[in-house]
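Here is a short briefing on aromatic rings and their surroundings. Look over the sequence and the model before reading on.

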Amino acid sequence: MSNTTATPSSETPAAATPYGTLPPASPPATRKPVSLPRLADMHARGEKISMLTAYDATFAAMADAAGVDCLLVGDSLGMVCQGLNSTVGVSLDTMRYHTDSVSRGLRRVQGTAWLIADLPFGSYQESREQALRSATVLMQAGAHMVKLEGGGWTTETVRFLVERGIPVCAHLGLTPQTVHALGGYRVQGKGDAGALLKQHAHALQDAGAAMLVLEMVPAALAAELTAELKHCATIGIGAGKGTAGQVLVLHDMLGINLGKMPKFVRNFMADSSSIAQALEAYVRAVKDGSFPDDRLHAW
């Protein structure tokens, strides 16, 4: 008998680990990688864009397999994952960590979703150069696009980033990073304030923003902007069904929430037997226009 230790063959299957198996990627035959040109084409053709937040590898893989077009590593992780009262306390290093986790989850299953990461509070307000440094951190962690909040002063920051090859998603309406200045989680853009919101939206499109999240703005205003912005796809959350796409916080649409569920949320787990089915139902509802229902989810 030999006293040497046998070396496992390279063909020997690896031992199963409790957390080593992730859901399969989207079928290659039906799902090409989502890219900026493909998103622009979807927008031009009127195909609704589905987006969900993701904060870890496994949920990212599940959302990708369900056909979600875009995954947003949102600074909403401050409330969802960290138990904070707002997004203000989320750091750039935390965003880098979660972006890296989501990106690795997509790579593990050869995922095809477009990955967007939030620039957190304090990481881009100081200067355009600070925004570039912060965006670089998130892009190197795997993001395809960065998102920043606000209009007016952000226009030149968006232009600065886009000119340097960094795709940008803007965000108007309720901007959670400035919730204290807004006086709480309130609908934005009512009445005369709608004209300024529209002005900011057009300026952000002209600066090169390819996407624009509209959060808690009147449905009529969101629909008008969507029709006017030919080169910037609007993504609604509490902004009615007239936008080019929809986004929800993953945990909200699964009926998991540490606080009060927002009006604009639909619990897709209520009629599903699994998380995978709920994710697929969300994508279908966004694509066919049955979600959101303006009578229930909009203002």
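**Aromatic rings at a glance**

Phe 268 is buried, because its relative accessibility is 2% (buried means under 20% relative accessible area, exposed over 50%, partly exposed in between; 1.4 Å probe, protein chains only). This is a predicted model, where local features need pLDDT of at least 70, side-chain atom pairs count only at pLDDT 80 or more, and totals for chains, interfaces and linings use all residues. Residues are numbered from 1 along each chain as its sequence is written, and side-chain values use heavy atoms, with hydrogens and water left out.

**Ring pairs**

- Rings of Phe, Tyr and Trp (its six-membered ring) pair if their centres lie within 6.5 Å; planes under 30 degrees apart are stacked, over 60 edge-to-face, the rest tilted.
- The count is four aromatic pairs.
- Phe 268 and Tyr 282 pair edge-to-face, at 5.5 Å centre to centre and 90 degrees between the planes.
- That pair links distant parts of the chain, 14 residues apart: Phe 268 is in the loop between helix H10 (250-253) and helix H11 (275-288), and Tyr 282 is in helix H11.
- Helices are DSSP runs (H or I, at least four residues), numbered from the N terminus.
- Tyr 282 has 0% relative accessibility, so Tyr 282 is buried.

**A cluster**

- Phe 268 and Phe 291 are edge-to-face, because their planes are at 80 degrees, with centres 5.5 Å apart.
- Phe 291 is in the loop between H11 and helix H12 (294-297), 23 residues from Phe 268.
- Phe 291 is buried at 3% relative accessibility.
- Ring pairs join Phe 268, Tyr 282 and Phe 291 into a cluster.

Definitions and conventions
Helix = DSSP H or I, 4+ residues; strand = E, 2+ residues; numbered from the N terminus.
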